[in-house]
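Me: I've got a chain up on screen and I'd like to go through it with you, bit by bit. Here it is.
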Amino acid sequence: MTRLVVPFAFLACLLFSFPGAAFAESPIGAFGKRYLDGLFAAKPHLASFMGDPRFDDRWPDVSPAGVASRQKELTAQQAELQKLLLASPSLDDRIDGQILEDAIRLELLYLTEIREFTWDPRLFDSFPPYDPREIVADRLIGLTQRGQGAHAEARLASLTARLAHLPAFLQAMQAQLQRPARIYTERGIADNLGRMQTVQGEVKRFIDGFTSPHQAAARTRAEEARKSALSALQTYQRFLQQTLLPRSDGEWRLGAALFDKKYPLSLQTDRSPDQVVARAEARFLASRAELYLVAQRLYRKLSPQKPAPPENASPKEQGRVINEVKAELSKDHPQAAELVQAHGRSLSRMRTFIEHKNLLALPPEDTLSVEPMPAFKRGVVGAEYLAPDVLSREGPWRATYFVDPIDLSQPAAKIEGLLRANNNYEVQLTGMHEAYPGHHTQHFYARKSWNPVRAVLWNGPMEEGWACYATTLMVAQGWGRGADDRNDAYRFFDLLGSLVVAHNAILDVRLHRGQMTDAEAMRLMVEEGFQEPASAEKKLLRAKMDSTQLSQYFLGLVEIEDLEKDKKQQQSDRPFDQRAFNEALIGHGSIAVRYLRRYVLPEK
């Protein structure tokens, strides 16, 4: 794919006519359909992303009346679902019902206690069944990025409707925003600049492309709506800078009480934050010890003229050796202007390796493209995978692997630090995480076992846990071996990644519970975890603004590792079939591992 695919009003595959007829045959299935109808009406941006065009001209209703109406609807649905679950449905329906139950409880928590629309001016939605997502520019550029091709006039009509209704949404947001944390408002100001650039640039170019005489009236309506939307965004920018920023003295931490309520619902886990942190701390120490063993081998290879590192070195000496090895290996990095292209160069080799090792079947190669991250999303995450239109069964499936390009206006030292953090080893490991056999492969399997509830309310720990598990599996299977054997180098950076995954969970819990300062977080990442300071700064910002999201990686990974261990014990009388396990793991949609266990470890 060359561009992000989004839904349009002309698509025949609407949510109210699910292709999977069996989905709506059971009471739970019928309930799930009605729940998703209500969810999409409340979150039209989610409907657009998922492939349901019925709400293309709407924006979320964040007014007090709109919030109260959605809360009333969810409370009634919660009572109805509890009765349905008492009827002992099938295994599939029980799991779908429990996923729905968690989603309802979580959304009620958002509406009644978290209420992010009162303190987050970024125009993001962090409802955890999908990653925190910008809800304005994403919806606009999605309609423009396939140019003037097929169905362009229908997309122009959808774009016009979205632009026309944007001012009212922005006014409602301004009325709700109270006293955000300063970092939220500062980020909102930066994001909105990129948003205005999108409306002035890409959106205008798309509208101007309709040059036929019979398109003149539609083009005029679209341009009028665009100007009105741009004016509203400019007003919103002035509000952020002149009104909201001076009163942005709120707390960015979610706080221990709310965090502990959100944690089990957003992550769909039975494990407590304290249990996860304890295990993350143990993994951090174990990975650091193994990292030193690998660093010793690499040190001898990279610096043969120097004395070999001692076996029983002090922590300080171990850190010196690890940092020297990291510094030497990190010199092998892309050029600043070519970082995005670097992420795509090894994808074909990864596919060949996976097929040779018989790890699992792969999606067609032309279903994924690597693209620069849009301007309004840059500066927080290094890479992002997006697979929209999951409810649409029409046309080819496409997904995008976005990479945050290097801002060349930054000081040279900071650019070099970012490039070292994105060296050629890390770039390839990221490709494994995002593409093969990570997120893109997982979404390919999820589409084959299509289920609307599981597609929309997907489980973040399973998604991120699989991507982490799959990356380490590639290295363990010998990625990088050859004439100039570099497997140890990949193992080195994979172990550094293990430190990152572990401290992600620690940062998430401790920062939002008020148990860690910024300085302590930076020390954990840089001094103990060997991250580049520039990358650690971005991670700290992300940890502050996206509560529970950073726990997904480690939680999902250890849940998968525990499941693998139990599967091997169950089948101890025969060799472990890695491909069968991999395909069973991602073959039921992106559901929480606690539900997945019922499929992978059926009772005898």
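Me: Which residues form one aromatic cluster?

Reply: Quick note before we start: this is a predicted model, where local features need pLDDT of at least 70, side-chain atom pairs count only at pLDDT 80 or more, and totals for chains, interfaces and linings use all residues. Residues are numbered from 1 along each chain as its sequence is written, and side-chain values use heavy atoms, with hydrogens and water left out. Rings of Phe, Tyr and Trp (its six-membered ring) pair if their centres lie within 6.5 Å; planes under 30 degrees apart are stacked, over 60 edge-to-face, and the rest tilted. The cluster is made up of F353, Y425, W479, Y490, F492 and F493.

Me: How many aromatic pairs turn up in the whole structure, and why is the pair of F206 and F210 edge-to-face?

Reply: Searching the whole structure gives 16 aromatic pairs. For F206 and F210, the ring centres are 5.2 Å apart and the planes sit at 85°, so this pair is edge-to-face.

Me: Are F206 and F210 buried or exposed?

Reply: Buried means under 20% relative accessible area, exposed means over 50%, and partly exposed is in between (1.4 Å probe, protein chains only). F206 has a relative accessible area of 3%, and F210 has 1%. So the word for F206 and for F210 is buried.

Me: What kind of aromatic pair do F259 and Y263 form?

Reply: Helices (H or I, at least four residues) and strands (E, at least two) are DSSP runs numbered from the N terminus. F259 and Y263 are 4 residues apart in helix α9 (residues 256–267), so about one helical turn separates them. Both residues are buried. With 5.5 Å centre to centre and 45° between the planes, the pair is tilted.

Me: Which ring has the charged end of K448 over it?

Reply: The rule is that NZ of Lys or CZ of Arg must be within 6 Å of the ring centre and within 35 degrees of the ring normal. R122 is one case, lying over the face of F124 at 4.5 Å from the ring centre. For K448, the charged end is 4.3 Å from the centre of the ring of Y445.

Me: Which peptide bond is cis?

Reply: Look at P437, in the loop between α15 (424–434) and α16 (439–448). Omega is near 10° for the cis bond, which runs from Y436 to P437.

Me: What radius of gyration does the protein chain have?

Reply: The chain has 24 helices and 5 strands. The radius is taken over C-alpha atoms, and the globule rule is 2.2 Å times the number of residues to the power 0.38. For 604 residues, a compact globule would come out near 25 Å, which agrees with the chain's own 24 Å.
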